[in-house]
Amino acid sequence: MIIEEWEEYRYVESGLSTFIAQMADSGLKDMVEHVCNTGGKRIRPVILLLASEVCSGSYSQSLGAALAIEMMHSASLIHDDLLDQGLLRRNLPSAPEKFGPSKALLCGDYLLAKSIEFISPYGETVVRDFGIAGMDMAEGEVLDLRLGEANFGESDYFECIYKKTASLFAISASIGAYTGGADEGLAARFNFFGNSLGTAYQIVDDILEFLDVVEGKESKCISETLPHVYMKCMSKEESVQKSLDAVKLHVNAAKETLNTLKACPARDKLFQITDYMTVDMLEII
């Protein structure tokens, strides 16, 4: 799957380029450009546009919301690098490493504020869900700081990754549905899809980090992972297998939910993204 060739990806890229070009040269512009142009696949905003398409929406209706999602995600990466003392991200210096922690923090603040501006036209339900996801992500990072504690168990782990990772996938899908005209029930199905995909993706990322096969990322601090949680009571091999079983469970849930949606090219792409973010990534182990 070459997502860079998708029309949805190019539309998001064009929107980001326009936003950056219109920024005042206040000292933040270089930082924002660095953070937003480090080779990301724009998966979350693309999911939003595709969800809107499934619900008969248009790119022009949904682009502002998609950019809001990407701004929040980019801010979260800065904060993650500050917490983990990240040195490299996607084979480039992290924002704190390149610009210093103080300037990176301010860049994150700017991106969060810009995300609010982008999301504000979409109405009370969307804005509320967006705000709740932002709070969830902060709470998830706090929980992540407890992962190494002896009493941090499986249920704590899944609460953590829902909040810090899956919640943004979930609202990417459900907000996309809302911008396409979906009612609350249909948007809830998209939310469940995004939650399942985001959970599976984070577990895959954990497995790859646990097995030390992550490329393009370097941090001074190493996060605990789901296999680490399982290794408190089982062997390394068993912990990896149990983690792989969890990936399969959540991938199946995501695909089963997609099967309840209208068949169309946009839904086909959501199936492709689901595999790309999960089972395809595991082929290297």
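**Strands, burial and overall form**

Analyst: Strands S1 and S2 form a hairpin with two residues between them, and Arg90 in the turn has a positive phi of about 55 degrees. This is a predicted model, in which local features need pLDDT of at least 70 and side-chain atom pairs count only at pLDDT 80 or more, while totals for chains, interfaces and linings use all residues. Residues are numbered from 1 along each chain as its sequence is written, and side-chain values use heavy atoms, leaving out hydrogens and water.

User: What makes S1 and S2 a pair, and in which sense do they run?

Analyst: Two strands pair if DSSP finds at least two bridges between them. S1 (residues 86-89) and S2 are joined over two bridges, so they pair, in the antiparallel sense. The bridge partner of Leu88 in S2 is Pro93.

User: How many helices and strands does the protein chain have?

Analyst: The protein chain has 12 helices and three strands. Both are DSSP runs numbered from the N terminus: helices are H or I with at least four residues, strands are E with at least two.

User: Is Arg42 buried or exposed, and why?

Analyst: Buried means under 20% relative accessible area, exposed over 50%, and partly exposed in between (1.4 Å probe, protein chains only). Arg42 has 5% relative accessibility, so it counts as buried. Arg42 lies in the loop between H2 and helix H3 (43-54).

User: Which residues does Arg42 touch, leaving aside those up to four places away in sequence?

Analyst: Contact means heavy atoms within 4.5 Å. On that basis Arg42 touches Tyr9, Val12, Glu13, Leu16, Cys36, Asn37 and Glu70.

User: Which residues of helix H2 are buried, and what covers them?

Analyst: In H2 (residues 29-36), the buried residues are Met31, Val32, His34, Val35 and Cys36. Their cover includes helix H1 (7-21), helix H4 (59-84), strand S2 (92-93), helix H5 (95-99) and helix H6 (101-119). Over the protein chain, buried residues make up 53% of the 285 residues.

User: How do you know whether the radius of gyration of the protein chain agrees with a compact globule?

Analyst: The radius is taken over C-alpha atoms, and the globule rule is 2.2 Å times the number of residues to the power 0.38. For 285 residues a compact globule would have a radius near 19 Å; the protein chain has 18 Å, and therefore agrees. The C-alpha trace spans about 50 × 45 × 35 Å along its principal axes.

User: What share of contacts joins residues at least 24 apart in sequence?

Analyst: Among contacts between residues at least 6 apart in sequence, that share is 75%.
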